[in-house]
Amino acid sequence: MEFSFPPHRIVVNMPDAGTLLSEVRHRLQTGEGFALATINLDHLVKLTRDPAFRSVYAAQDLVCADGNPIVWLSKLARKPVSLVPGSDMILPLAQQAARAGVPVALMGSTDESLAAASAALKERVSGLQISAVIAPPMGFDPTGEAARAILHQIDASGAKLVFVALGAPKQETFAAFGRQITPGLGFASIGAGLDFLSGRQNRAPDWVKAIAMEWLWRMLSNPRRLAKRYLDCALILPGQAVNAFRQR
C-alpha cells in the first residue's frame, strides 16, 4: 500500500505487527538505526498540505498503518495491511529492546508524564533499561541546536531505541533529523502513547476500539480541538479512496 505525494512515495512497508517487531529486533541486534512512523488520516491531511512534511515522511524507514481508514484503503487497493497502532506497539517494542539488552529513551510530553510512563514501562517489561528521559521545552525546534544536543545526550546514554512523543509533524521531523545526527539509534514516533501509559490521557474502551469508533470517542472527549481535524480527514477520504482503487 502506498500514497503518492510527488516527488515522494510513502509506502506502508510494515504490513503487520509481526513483521514490524521482527524488523526492529533485527535492527536492534545489528545496531542499525531506523525511524518508525505510524500513518493515519491526519498524517495524510498534513502530507497533502505540507511539502516539508512529505520529505520528512519519505525519510522514515518503517511505516505501518495507525488507523482503520488506512487499513480500509489498503483493502480497496488489494494490498491489505493490518492495523498497527503506535500506542499499542510501545510495550512490544520495549520488550524487544529488553530481550536485546539495549536501553531505551523517552523523549517528549512533560516531565511528570514521562516519569509515570517510565515507571509503568519498568513495571510491565521485565529487564527494561531506561537510560534517558527528556521533556523538551515549549517551542522546541525538532531540527534546531536543542534537538541536536538532545540527540547527543540520548546517544551518550547508551539508548538504542527512542520513543518520541511530540505529535505530528514534530516527532517525525525529529526522528528524520536523528537519522542524520545519530544514525545508530532507532526512533519510534508514538504520539500520545506515553501519555496513555502514564494515565495523563485515557484511551477509548476496548469495545469502542473493537467497532472502529475510537476516533469518534476521542472527538467527543475533546470536540473543540478535534472536530476540525476529523472533518479535514473525512474530506480527503474520497480522493484517497480513488487513489487506492487505481493501485489495483
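Let's start with how this chain is tied together: among contacts between residues at least 6 apart in sequence, 73% join residues at least 24 apart. Keep in mind as you look around that this is a predicted model.

Now step back and take in the whole chain. Its secondary structure comes to 12 helices and 8 strands. Along the principal axes, the C-alpha trace spans about 45 × 35 × 35 Å. Does the chain fit the picture of a compact globule, or depart from it? With 248 residues, a compact globule would have a radius of gyration near 18 Å, and the chain has 17 Å, so the two agree.

What share of the residues is buried? Of the 248 residues, 47% count as buried.

Let's zoom in on one residue. Ser118 sits in helix H6, which covers residues 111-124. Is Ser118 buried or exposed? Its relative accessibility is 8%, and buried means under 20%, so Ser118 counts as buried. Which residues does Ser118 touch? Leaving aside residues up to four places away in sequence, Ser118 touches Leu106, Ile130 and Val133.

Next, let's look for gaps between the atoms. Rolling a probe the size of a water molecule over the atoms shows where empty space is left. How many cavities of 30 Å³ or more are there? The count comes to 1, and about 40 Å³ of space lies in the largest cavity. To find this cavity in the structure, look for the residues that line it: Arg27, Leu28, Gly31, Glu32, Gly33, Phe34, Lys160, Gly184, Leu185 and Gly186. By class, this lining divides into 3 nonpolar, 4 polar and 3 charged residues.

Our last stop is a pocket, which is an open space. The second largest pocket has a volume of about 160 Å³. Around it you will find Ser87, Asp88, Ile90, Leu91, Arg124, Gly193, Phe196, Leu197 and Arg203. Which helices each supply at least two residues of this lining? They are helix H5 (86-100) and helix H9 (193-198). H5 gives the most, with 4 residues. Sorted by class, the lining of this pocket has 4 nonpolar, 2 polar and 3 charged residues.

Notes: Residues numbered from 1 in each chain as written. Predicted model: local features only at pLDDT ≥ 70, side-chain atom pairs only at ≥ 80, totals over all residues. Heavy atoms only, no water. 1 Å grid on protein atoms, 1.4 Å probe; cavity = no way out; pocket = protein on both sides within 12 Å on 5 of 7 lines; lining within 4 Å. Points joined across faces, edges and corners; volume = space filled by probe spheres on them. Nonpolar A, V, L, I, M, F, W, Y, C, P; charged D, E, K, R; others polar. Rg over C-alpha atoms; globule rule 2.2 N^0.38 Å. Buried < 20%, exposed > 50% of the residue type's maximum accessible area, 1.4 Å probe, protein only. Contact = heavy atoms within 4.5 Å.
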